[in-house]
Amino acid sequence: IREQGGGRISSLSVESHKDLNRRSIIDKKMLTALDHRNLQVVYQPQLDIATGKVHVYEALVRWEDEELGQISPDELIPIAEENGLIHAIGAYVIEEAANLAVKLTTEKPDISISVNTSVREFSNSSQMREKLSTILEQTMCPPEKIQLEITEKFAFQAEQEKAIVNEMKALQETGIQFILDDFGTGYASFRYMQNLPISKVKIDKIFIQSLTTMPKTRQLVEGMILFGKSMGLYVIAEGVETEEQFETLKEMGVDAVQGYYIGVPMKETDI
Ligand code: C2E
Ligand code: CA
Ligand code: CA
Ligand code: CA
């Protein structure tokens with residue numbers, strides 16, 4: 001905490017000091033939390049428009065700590081990327097998802113689980129492939145039951161773009177499907193997307209939020225849906241909160257919707 005000219009303490013530096021402190025506690029506690037399997041995974045349904053059914057659940061990581069309270073993935077993941085625990089967290093979430101997919105097989109045979117990934121998990125060649133094949137073998141989960149979400153921004157920044165795309169292609173050959181997440185927030189171009197072995201795109205919730213209030217957004221979303229479909233992709237919209245948004249997206253020809261209007265993320269036992 002720095003004192004300013006007039007002897008007043010800057011509230012900004014008090015804030016950032018608190019943030020730094022919280023960050024370092026999160027950093028320190030993460031390994032133990034993982035070891036004790038104190039991280040939870042919740043699952044949000046995705047409704048397929050054509051069948052009117054849920055075939056996919058998205059896995060979302062959660063961490064509740066007595067001292068720190070809820071630690072959101074937006075807080076947790078960047079720290080894990082920095083301290084290297086992202087690989088272990090990724091493996092943990094995939095393992096939980098694979099176990100759930102297998103458990104659900106008798107009752108809901110056509111369910112698959114979609115798991116968020118960080119580009120860091122792909123940065124060592126074949127690391128993701130090895131991790132996945134080990135987990136799928138141990139859990140006896142067929143590869144078709146797991147889908148991987150990669151974010152547009154991340155896919156782009158990668159200097160090792162070629163290596164990552166090759167790794168994705170190898171994974172796709174084993175039956176793993178890829179979803180381009182946060183579609184519209186990065187810089188994906190036609191050329192770029194043609195090169196990616198993806199079968200689905202997910203339009204980011206930021207566009208859905210103003211879909212029915214701003215004509216410009218409406219056009220933009222319509223364009224994104226057409227673009228995705230013209231590339232033969234399955235188009236998902238996330239962050240759907242109202243009936244009006246839902247109906248508009250349906251009319252525009254979106255393939256699937258996800259959001260509080262359809263269902264909130266829930267515990268495994270509530271599925
Ligand atoms: P995302 O992949 O874009 O996930 C969607 C986020 O929107 C989730 O937040 C979800 O809970 C929230 N959401 C769902 N429906 C609605 C809605 O109708 N309205 C609004 N306003 N929000 C909705 P969450 O769970 O906090 O996750 C935040 C981000 O953290 C995710 O964004 C994803 O990028 C990342 N993340 C979550 N779990 C994991 C994980 O296991 N591994 C990695 N690498 N990243 C993860
Ligand atoms: Ca996602
Ligand atoms: Ca998103
Ligand atoms: Ca995201």
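Before the first stop, one definition: a molecule sits in a pocket if more than half of its atoms lie within 2 Å of the pocket's grid points. Keep in mind, too, that this is a predicted model.

Now select ligand 1. By that criterion, ligand 1 sits in the largest pocket.

Next, bring up the residues around the ligand. There are 23 of them, and Q44, R62, K205, E241 and Y260 come nearest. Colour that shell by class and you get 8 nonpolar, 7 polar and 8 charged residues.

Switch to cartoon for a moment. Which elements each supply at least two residues of the shell? Pick out β2 (53-65), α2 (73-83), β6 (177-183) and α8 (205-209). Strand β2 gives the largest share, 4 residues.

Start at R62, where a side-chain N or O atom is 2.8 Å from an oxygen atom of ligand 1. Then click E58: a polar atom of its side chain lies 3.3 Å from a ligand oxygen. Finish at D182, with 3.4 Å between a side-chain N or O atom and an oxygen of ligand 1.

Last stop, the aromatics. The whole structure holds 3 aromatic pairs. Select F122 and F178, a tilted pair with 6.2 Å between centres and 50° between planes. Trace the chain from one to the other: F122 is in the loop between β4 (112-116) and α4 (127-139), while F178 belongs to strand β6, so the pair links parts of the chain 56 residues apart.

Methods: Residues are numbered from 1 along each chain as its sequence is written. Chains are lettered from A and ligands numbered from 1 in the order in which they are written. This is a predicted model: local features need pLDDT of at least 70, side-chain atom pairs count only at pLDDT 80 or more; totals for chains, interfaces and linings use all residues. Side-chain values use heavy atoms; hydrogens and water are left out. A residue is near a molecule or strand if one of its heavy atoms lies within 4 Å of it. A polar contact is a pair of N or O atoms within 3.5 Å; within protein, one must be able to donate a hydrogen and the other to accept it, and residues adjacent in sequence count only if both atoms are side-chain atoms. On a 1 Å grid over the protein atoms alone, a cavity is a set of points where a 1.4 Å probe fits but cannot get out, and a pocket is an open set with protein on both sides within 12 Å along at least five of seven lines; lining residues have an atom within 4 Å of a point. Ala, Val, Leu, Ile, Met, Phe, Trp, Tyr, Cys and Pro count as nonpolar, Asp, Glu, Lys and Arg as charged, and the others, Gly among them, as polar. Rings of Phe, Tyr and Trp (its six-membered ring) pair if their centres lie within 6.5 Å; planes under 30 degrees apart count as stacked, over 60 as edge-to-face and the rest as tilted.
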